Amino acid sequence: MSNSASPSNVIKKPLYEGVFFDLDGTLADTAPDLVAAANLLRIKRNLDPLPYEVLRPRASAGARGLIFGAFGYDKDHPEFEELRLEFLANYEKDICVHTKLFDGVSDVLDDLENHAITWGIVTNKSERLTHPLLNLMNLAKRSQAIIGGDTTPFAKPHPAPILKAAEICSVNPLNCIYVGDDLRDIEAGKAAGMKTVAAAYGYCGCDEHFSEWGADHIIHHPSELSAILLAS
């Protein structure tokens, strides 16, 4: 009788020391609350709200992206700063009304923890917004590093935030992976020396298609990440 393990009993071994995630559009579907905050700006100015599908791709770019989507204004427009502050006030007030983890993310995080793989969050969302949101989503105590867009002097696509997360977690960036739904995420992860995963199920709001970002892997559902992270 053979002593070899059956396929169901094969032990999967981690391929990476650590996994770091973007937040908006990668771990959490925050677009419903971000779009609502942007449409409130339009409603207040007697403009019709825009369809969710129109503004959703802008969500990964935060206030800047959503104001551009809602009004066509960039940061140099004279009304931009007023709109930005009002947008942030709207969003902060209702930051976790419809926001939730993407389907499958919870299972991925469970897999990481069950295999003792360090994981953390690196986002361009400010700490002022990031920490309250993660507390409401019960992720703050689970994530071993939380880096906001203003935690370091630089935001993504600069590698500094991702390298800071690796430093906090005492892991070698070269043995880690970064997952995100924006070109800036892939650029930052590669600059930090990490393998990269493009989350094609996210917002992917830049002009270049995610297939052109140069990511090491592309996933269309969070559940696909476990196969990348674990080997039989």
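Mentor: Glu86 is buried, with a relative accessible area of 15%; buried means under 20% relative accessible area, exposed over 50%, and partly exposed in between (1.4 Å probe, protein chains only). The model is predicted: local features need pLDDT of at least 70, side-chain atom pairs count only at pLDDT 80 or more, and totals for chains, interfaces and linings use all residues. Residues are numbered from 1 along each chain as its sequence is written, and side-chain values use heavy atoms, with hydrogens and water left out.

Glu86 forms a salt bridge with Lys44, the closest N and O atoms being 3.7 Å apart; the term denotes a side-chain nitrogen of Lys or Arg within 4 Å of a carboxyl oxygen of Asp or Glu. This pair links distant parts of the chain, with Lys44 in helix H1 (residues 31–44) and Glu86 in helix H4 (residues 80–93), 42 residues apart. Helices (H or I) are DSSP runs of at least four residues, numbered from the N terminus. In contrast to the buried Glu86, Lys44 is exposed, at 58% relative accessible area.

A further salt bridge joins the side chains of Arg45 and Glu82 at 3.8 Å, N to O. Arg45 lies in the loop between H1 and helix H2 (52–55) and Glu82 in helix H4, so this pair ties together parts that are 37 residues apart in sequence. Arg45 is partly exposed, with a relative accessible area of 26%, whereas Glu82 is exposed at 52%. Salt bridges that share partners join Lys44, Arg45, Glu82 and Glu86 into one network.

Terms used. Helix = DSSP H or I, 4+ residues; strand = E, 2+ residues; numbered from the N terminus.
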